[in-house]
Amino acid sequence: MTDPLTRARRLVASTDTVAGAMAELCRGARITITISGDPAELADAGCGMLLAGDHKNGMEFVPLLAALDQAGRPDMYITGKPFSFTYWLIGSLGQPTADLLLPIIPKTLAKDRKKIINRDLPRRLLFAGRLPTESEIIASNADMLRRAATLLGAKNIVSWYPAGGMMDATKLPWQRGIGRVIKMLSRDDRENVRIVMWRITGYDPRRLIWALLVQSCGLVPRTRHVTFSIGPAGTVTGLLGGGDAIDRMTDAEIAGRLRALYVERFARVTSVG
């Protein structure tokens, strides 16, 4: 019997892309990924792509990468919070996945922070000896934002969870980091880099893990259907305006403008089916 983590590691090691490995993992678990919307929005390999969507359920990187594999796209870079389970999981799948991680650290984890009663208190206690200072977090996050903008300009795919944490992206304000990355793009890159907003329905990572456990016992798991819905999409200038329009906006205003488009499309769509 091969446990799910070992199987995933072997797939990553033996498959050309991490996206292909995640697609194969879903097939083995009998999880079908259906793309709702125009798959061509994902298929243009001649531009960078910023994928913005939900992080409500956790482990969304699995169906997201599987959907990209369907569209014939290569791997994507994944923003994540160090010290989280998902970040550890991605890194533990092997060097190919670890190389795709873009760490962004909330200031709530600063070891010199005075107000520590917040949602990150358990991680603060668990990783007390490894936490960075607030100034170190600011510097690290700035480096990550610059790298994300560079990757987009070089025609790579970068995933982004703009609501931060495991949150429903239709219910909370979007954090300004997505606006800052967009403002870091050159004017030429803004004409080419595409923003694609998405939402996944029918997905529960617990069902994925259970299906993989069932499969590891030599049994056939129940078929489950997951829908990857493509929402508002377009170039940065197409969605936000050209010329100096973006330069005149604050990071928060850009995030708010994109969130309004997302909410208009997805506010009534649930994430578990």
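This note goes through the sheet, then the helices packed on it and around it.

1. Basis. This is a predicted model, in which local features need pLDDT of at least 70 and side-chain atom pairs count only at pLDDT 80 or more, while totals for chains, interfaces and linings use all residues. Residues are numbered from 1 along each chain as its sequence is written, and side-chain values use heavy atoms, with hydrogens and water left out.

2. Seven strands form an open sheet in the order 1-7-6-2-5-3-4, and the pairing is mixed. Strands here (E, at least two residues) and helices (H or I, at least four) are DSSP runs, numbered from the N terminus. Two strands pair if DSSP finds at least two bridges between them. Strand 1 and strand 4 are the edges, each pairing on one side only. From one strand to the next, the twist averages 25 degrees. Angles run from 0 to 180 degrees between N-to-C directions, and axes are lines fitted to C-alpha atoms, for helices over the stretch in contact.

3. Strand pairs. Strand 1 and strand 7 are parallel, with six bridges. I35 has F228 of strand 7 as its bridge partner. Strand 6 and strand 7 run antiparallel over seven bridges. There, V196 stands opposite A233 of strand 7. Strand 3 pairs with strand 5 (residues 157–160) in the parallel sense, over three bridges. Y77 is bridged to V158 in strand 5.

4. Helix 14 on the sheet. Helix 14 (residues 251–266) lies across strand 2 (49–53), strand 6 (194–201) and strand 7 (224–235). Its angle to strand 7 is about 140 degrees.

5. Helix 9 against helix 14. The two axes are 7 Å apart, at an angle of about 110 degrees. That makes helix 9 roughly perpendicular to helix 14. The classes are roughly parallel under 35 degrees, roughly antiparallel over 145, roughly perpendicular from 65 to 115, and oblique for the rest. Helix 9 contributes I178, G179, R180, I182 and K183 to the contact; helix 14 contributes D251, I254, A255 and L258. Contact means heavy atoms within 4.5 Å. By class, five of these residues are nonpolar, one is polar and three are charged. Nonpolar covers Ala, Val, Leu, Ile, Met, Phe, Trp, Tyr, Cys and Pro; charged covers Asp, Glu, Lys and Arg; the others, Gly among them, are polar.

6. Helix 8 against helix 9. The axes of helix 8 (residues 134–153) and helix 9 (residues 177–184) come within 9 Å and cross at roughly 55 degrees. Helix 8 is therefore oblique to helix 9. L145, R146, A148, A149 and L152 of helix 8 meet G177, R180, V181 and M184 of helix 9. This contact has six nonpolar, one polar and two charged residues.

7. Helix 2. Nine of the 11 residues of helix 2 (residues 18–28) are buried, so the helix is largely enclosed by the rest of the structure. Buried means under 20% relative accessible area, exposed over 50%, and partly exposed in between (1.4 Å probe, protein chains only). The buried set is V18, A19, G20, A21, M22, A23, L25, C26 and G28. These residues pack against helix 1, strand 1 (31–36), helix 4, helix 6 and helix 11 (205–216). R30 follows helix 2 and has a positive phi, near 60 degrees.

8. Helix 5. In helix 5 (residues 85–92), T86, Y87, L89, I90 and S92 are buried. Their packing partners are helix 1 (4–14), helix 4 (61–70), strand 3 (76–80), helix 6 (95–98) and strand 4 (101–103). G94 follows helix 5, with a positive phi near 130 degrees.
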